[in-house]
Amino acid sequence: MTHARCTLLAGTAFVALLSGPGRAEPPAEPFALIPTDLPGMSTGYLQPEATNEARIGTRQALGDDEVGTGVQLYDGAVSFRGYWPYQIGISAAAFDDPLSEPFEGNEQNFTLGSLGIDGKYSLYETARSAVAVEAGVTYLKYGFDGTEKEDLVAATLSLPATYRLSPTLFLNGEIGLTTFPDEAQDLPAPGARSFVALGAGWQPTDRVTVFGSAKAILREDDDGPEGDDNVIYTAGARYALTPQVAATGYVTNGLADTPVLDDLTYFPARDELVFGAALTYVPSGKRFNIPRYGETDVAAVDRAIVFGDGVTLMGPETIGSNELRLNLSAGTSGNSRLVAAISPDPDFQIEMFLEDYALDEDTDFRTEETEDIRYGFGARYQALSEAEGDFASLGARVILGRDIEEPTLGVLFGEAALAKEVAPRLELTANPKAAAFTGDEIYAFGLGAEYEISDRLHAVAEASVVSDDRDGIWAVGLRHTFPETLTAIDVYATNAAGRTGVGSMLAGETQIGASFIWQTPFRAF
């Protein structure tokens, strides 16, 4: 992966971390506590009582690559704890790309899929120190294309311990054993290994955790795909965006953030630096909007319904907490889209997309024959809100997407939006965005204007410049809102091939379209 693609992830994360002047620190739990785990580190503590936790992340080798989104792995986990001294979890990981260099002469695409269960039991815990025992079992789909993939089982058992040196600094250690098969597809597999890990964490505020660790591994056999690398290192930081959501960025040479696969080096790209990013979410269980980091407490029933996104540009706003919004659109060029957005807690929403781009035959992205309906999953964070006293509204989101039918192409997309009311009824929005795929990057910068003709009718105009001398993107539209039914209808014209992700940066046939937006009365949390 090029430096530019790393900048895409890091830049989006940086914008998301901005929190504006005058904001108070968040509540002490859950992210002010010593975490139960971090990338490359399992601590002696459990997650807080009566909490659920979900995490999704990705790791990307930073070397040069020309295949798909690169030598990239996705992972995720959910864990649960009641009023008992243990927690249970489910984790998964997926890798599906050629390795950066052949292994035993094999250059085909390599697949690694995992699904595991794990548990962690507290042996001893005080405010100062803690010791636990952790165990996990993982099912793996493993192997190169060209022959049948093998079904493997791996397991781990470890003893993590943590000691707090001061209110802001803690030390961590872990010893354990992880077993993998030593052969698959008649090739050497990772094999069993024991390990000893040491780490430390620094929590200068309730929102920030800086961490680092080194794990020495002793393998039974060094003939597997990992090579001779026998230390897994990780260094990074976690930042609480809201009381319920934290973003983590780090560098490592470890394979994945799961209890079993974190004991393997990142063998898909040996000797290369790996950049990782993750979002962690701990639901509050609230049925109303809790205060943001400012002083304003906005109840969900009183919050104004904001339809902030434009035609091709993102708006910075999230929907109200515990809300579900649907958006269906279609254009004369054949571009159609369905979006579902769920906001379980304030300032954070999860988004799911289905979109069929209307690609022009001259596009350098993909042809209509190879591209089909594209799906995507995204997360959006609102850092500032002008309506709640900040100087402007600021938000950012990241989307991971891929088309459904082979040959598929994964795209990593990130963008940020800064909006400001510059005159009565007139709001301007700046929207930088970037997409990475097949070793390439596309960048765009958009400016949008929204004028409030009346309380219910808004006019929108947008223009974007795109990198590498690509055709610019334009859009105009009208939006009529129906506050009583929490709905809106848009009519628009644009030359964009799509309205979300990379499609919003690709010029195509001019289309006239309409969209229907419905903020449902259903409550998911």
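Reader: Hi! What should I know about the model before we start?

Author: The model is predicted, so local features need pLDDT of at least 70 and side-chain atom pairs count only at pLDDT 80 or more, while totals for chains, interfaces and linings use all residues. Residues are numbered from 1 along each chain as its sequence is written, and side-chain values use heavy atoms, with hydrogens and water left out.

Reader: Thanks! Which strands make up the closed barrel?

Author: The 12 strands run S3-S4-S5-S6-S7-S8-S9-S12-S13-S14-S15-S16, with antiparallel pairing. Strands are DSSP runs (E, at least two residues) numbered from the N terminus, and two of them pair if DSSP finds at least two bridges between them.

Reader: How many bridges join S5 to S6?

Author: There are 13, between residues 86-98 of S5 and residues 109-125 of S6. Alanine 94 stands opposite glycine 113 there.

Reader: Switching topic: where does arginine 366 sit?

Author: Arginine 366 is in the loop between strand S19 (348-356) and strand S20 (374-384).

Reader: Is arginine 366 buried or exposed, and why?

Author: Arginine 366 counts as buried because its relative accessibility is 11%, and buried means under 20% relative accessible area (1.4 Å probe, protein chains only).

Reader: Which backbone oxygen does its side chain reach at 2.5 Å?

Author: That of proline 407. The backbone oxygen of threonine 370 lies 3.4 Å from a polar atom of the arginine 366 side chain.

Notes: Helix = DSSP H or I, 4+ residues; strand = E, 2+ residues; numbered from the N terminus. Buried < 20%, exposed > 50% of the residue type's maximum accessible area, 1.4 Å probe, protein only. Polar contact = N/O pair within 3.5 Å; in protein donor to acceptor, adjacent residues only side chain to side chain.
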